[in-house]
Amino acid sequence: NGITSSNLSKLVTFASFALAMAGVQAAETVRLPYLLADASPTALYYPTFHLAGALAFFESHCDFRGEMAGLWVTDGSPAGTIKLSSAFVGGLNGPNRVLCSIQREEGPSLHLFRARDAEHGEEPWVTDGTVEGTRLLEDLVPGLESSFAGRFTALGDRAFFVAQDSELNAGLWVSDGTTPETRRLTRDLTFCDYPDWVPWKGELYFPVHDPARLWGTCQLWASD
C-alpha cells in the first residue's frame, strides 16, 4: 500500500499547516526585547552586573565624568528593578571589587558594598536587596574622611575586605553583615593587587607585600 500522490499532497499540506501553527505559537510565547528600566535617562549608560542568586545588581552612570547615579537591583522584571542607593561608588568588577554577597542560614542574603553620602566618606554599606534594608554598615573613619573599603570577598556567611584608618594604615576586616560583628583582623598590611583573593576550604587566601623584599614581591597569607 504505497503512498499515492494524493495522500502525499495531503501529508505535505498537513505538515505545512502544523509548522505554520507552531510558528504562530512560538511568536506568541517568545517575548521580544524590551526596556527593563531607564536607569540613566540623561546620559550614556554602561552597566556592569553582579549576579547573586535570583537577583542581579548593577550600577548606573549619571554623566560623562563617570560619577555614579546609584546601585540598582533587578529580579529580571520591570516591577522588580529598583534603585537601592544613590550613594554607591562604582566598580563592580576589577581587583578592587566593591560588592560581594554572603549567604545566611536564616533570612535573606546580605550584600556588602562601598558607598558615600553627604555625611560620610567612602565606607562599607550593606543591603538585603530592598531599599529599606540598605544602610551604612559602619563608619570606619568617622565623618567625611574615607576608609575606602574594597576587595569584598565572601567566605561562607562572612565577607572579608580591606579598609584603611585615618592614618592611612590598611588592614584586613571581616563582617557578617551586621555592625556588631564587623571587626578588624590586622593592621599595617600592604595588599598586592594580584593574584586575586581566593576563598577555599573555609579559609581566605590573599597576597601581601613583603616589606623586607623588593617592591612587588608578595607572599601568600590566609585567614579563617
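**Close-up views of a predicted model**

**View 1. Strands β9 and β10 run side by side in this predicted model.** β9 and β10 (residues 158–164) pair in the antiparallel sense, and 4 bridges join them. Across the pairing, Leu155 stands opposite Arg158 in β10. Strands of a sheet pair through backbone hydrogen bonds, either parallel or antiparallel.

**View 2. Four strands make an open sheet.** The order is β9-β10-β11-β12. The pairing is antiparallel. At the edges lie β9 (150–155) and β12 (182–184). Each of these edge strands pairs on one side only. From one strand to the next, the twist averages 25°.

**View 3. Thr182 sits in edge strand β12.** Is Thr182 buried or exposed? Its relative accessibility is 7%, so Thr182 counts as buried. The cut-off for buried is under 20%. The side chain of Thr182 makes a polar contact with the side chain of Ser175, at 2.7 Å. Leaving aside residues up to four places away in sequence, Thr182 touches Leu137, Glu138, Phe161, Trp173, Val174 and Ser175.

**View 4. The largest nonpolar core holds 13 residues.** Which of them touch the most other members? They are Leu112, Phe152, Phe161 and Ala163.

**View 5. His50 lies in strand β1 (residues 49–52).** Why does His50 count as buried? Its relative accessible area is 18%, and the cut-off is under 20%. The side chain of His50 makes a polar contact with the side chain of Ser101. The distance is 3.0 Å.

**View 6. Phe113 and Trp125 form a tilted aromatic pair.** The model has 10 aromatic pairs, and this is one of them. A pair of aromatic rings is described by the distance of the centres and the angle of the planes. For Phe113 and Trp125, the centres are 6.3 Å apart and the planes stand at 40°. Phe113 belongs to strand β6, and Trp125 to strand β7 (residues 123–127). The pair links distant parts of the chain, 12 residues apart. Both Phe113 and Trp125 are buried.

**View 7. Phe191 and Phe206 form another tilted pair.** How far apart are the ring centres of Phe191 and Phe206? They are 6.0 Å apart. The planes meet at 45°, so the pair is tilted. Phe191 lies in the loop between β12 and β13 (198–200), whereas Phe206 is in strand β14 (residues 203–209). The pair therefore ties together parts that are 15 residues apart in sequence. Both Phe191 and Phe206 are buried.

**View 8. Ring pairs build an aromatic cluster.** Which residues do the ring pairs link? Phe191, Trp197, Phe206 and Trp221 make up the cluster.

Terms used:
Residues are numbered from 1 along each chain as its sequence is written. This is a predicted model: local features need pLDDT of at least 70, side-chain atom pairs count only at pLDDT 80 or more; totals for chains, interfaces and linings use all residues. Side-chain values use heavy atoms; hydrogens and water are left out. Two strands pair if DSSP finds at least two bridges between them. Helices (H or I, at least four residues) and strands (E, at least two) are DSSP runs, numbered from the N terminus. Axes are lines fitted to C-alpha atoms, for helices over the stretch in contact, and angles run from 0 to 180 degrees between N-to-C directions. A nonpolar core is a set of buried Ala, Val, Leu, Ile, Met, Phe, Trp, Tyr and Cys residues joined through side-chain atoms within 4.5 Å. Buried means under 20% relative accessible area, exposed over 50%, partly exposed in between (1.4 Å probe, protein chains only). A polar contact is a pair of N or O atoms within 3.5 Å; within protein, one must be able to donate a hydrogen and the other to accept it, and residues adjacent in sequence count only if both atoms are side-chain atoms. Rings of Phe, Tyr and Trp (its six-membered ring) pair if their centres lie within 6.5 Å; planes under 30 degrees apart count as stacked, over 60 as edge-to-face and the rest as tilted. Contact means heavy atoms within 4.5 Å.
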